[in-house]
Amino acid sequence: MLAIGELADRIGVPTHVLRYWETRFPQLRPLQRSGRRRYYRAEDIALAERIHHLLHVKGFTVEGARKALSEPNGAARAEPVTVVPAAVVAAAPHGVPVEALVALRQRLVAALG
C-alpha cells in the first residue's frame, strides 16, 4: 500500500489531483484510516496509473477517461502505462511534458518497427 504522497510522487501529480480523481472516478477508492489518511492498494495504484495515462499521455478529457475505463472490453486497461518520475518531468526541456515525448517516441518506434 502507498500513502497519497507516495503515489503522487510515483505518477508525477500533486496530491490534490489524486483527491480530485477520487471525486470523478468512482472506481478509485483508497482505504481511509484515522485522520482520513489515504492508502492506495495495488488495484488503486494501477487504476491511478491508467487514469494518469489516459488524461496526461493520451489527452483524454475526464469524461472521456471515465467512459474508456467503464468500457466492458477493457480497452483502456490493455494500454501500456509508462510512468515517468516527477523529477524527470520537472527537468523536461522547454516545458514539454515528458509523457508526451515518451508517447511520441513509442508511436515512432511502432511506425518504424
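**Before you start**

The model is predicted: local features need pLDDT of at least 70, side-chain atom pairs count only at pLDDT 80 or more, and totals for chains, interfaces and linings use all residues. Residues are numbered from 1 along each chain as its sequence is written, and side-chain values use heavy atoms, with hydrogens and water left out.

**Stop 1: helix H3**

Select residues 42–57, which form helix H3. Helices here are DSSP runs of H or I with at least four residues, numbered from the N terminus. H3 has 16 residues. From first C-alpha to last, H3 reaches 21 Å, close to the 22 Å expected at 1.5 Å a residue. That expected span is 1.5 Å times one less than the number of residues.

Twelve of the 16 residues are buried, meaning under 20% relative accessible area with a 1.4 Å probe, protein chains only. Among them are Asp44, Glu49, Arg50 and His53.

Now pick histidine 52. Is it buried or exposed? Histidine 52 is buried, with a relative accessible area of 4%. Show its contacts, which are heavy atoms within 4.5 Å. Leaving aside neighbours within four places in sequence, histidine 52 touches Ile11, Val13, Trp21, Val57 and Glu99.

Step just past H3 to glycine 59. Its phi is positive, about 80°.

**Stop 2**

Axes are lines fitted to C-alpha atoms over the stretch in contact, and angles run from 0 to 180 degrees between N-to-C directions. Angles under 35 degrees count as roughly parallel, over 145 as roughly antiparallel, 65 to 115 as roughly perpendicular, and the rest as oblique.

Color the contact. Leu47, Arg50, Ile51, Leu54 and Leu55 in H3 meet Val62, Ala65, Ala68 and Leu69 in H4. By class, the residues are eight nonpolar, no polar and one charged. Ala, Val, Leu, Ile, Met, Phe, Trp, Tyr, Cys and Pro count as nonpolar, Asp, Glu, Lys and Arg as charged, and the others, Gly among them, as polar.

**Stop 3: H1 against H2**

Select helix H1 (residues 4–11) and helix H2 (residues 15–24). Their axes lie 8 Å apart, at an angle of about 100°. H1 and H2 are therefore roughly perpendicular. Ile4, Gly5, Leu7, Ala8 and Ile11 of H1 meet Thr15, Leu18, Arg19 and Trp21 of H2. This contact has six nonpolar, two polar and one charged residues.

How values were computed. Helix = DSSP H or I, 4+ residues; strand = E, 2+ residues; numbered from the N terminus. Buried < 20%, exposed > 50% of the residue type's maximum accessible area, 1.4 Å probe, protein only.
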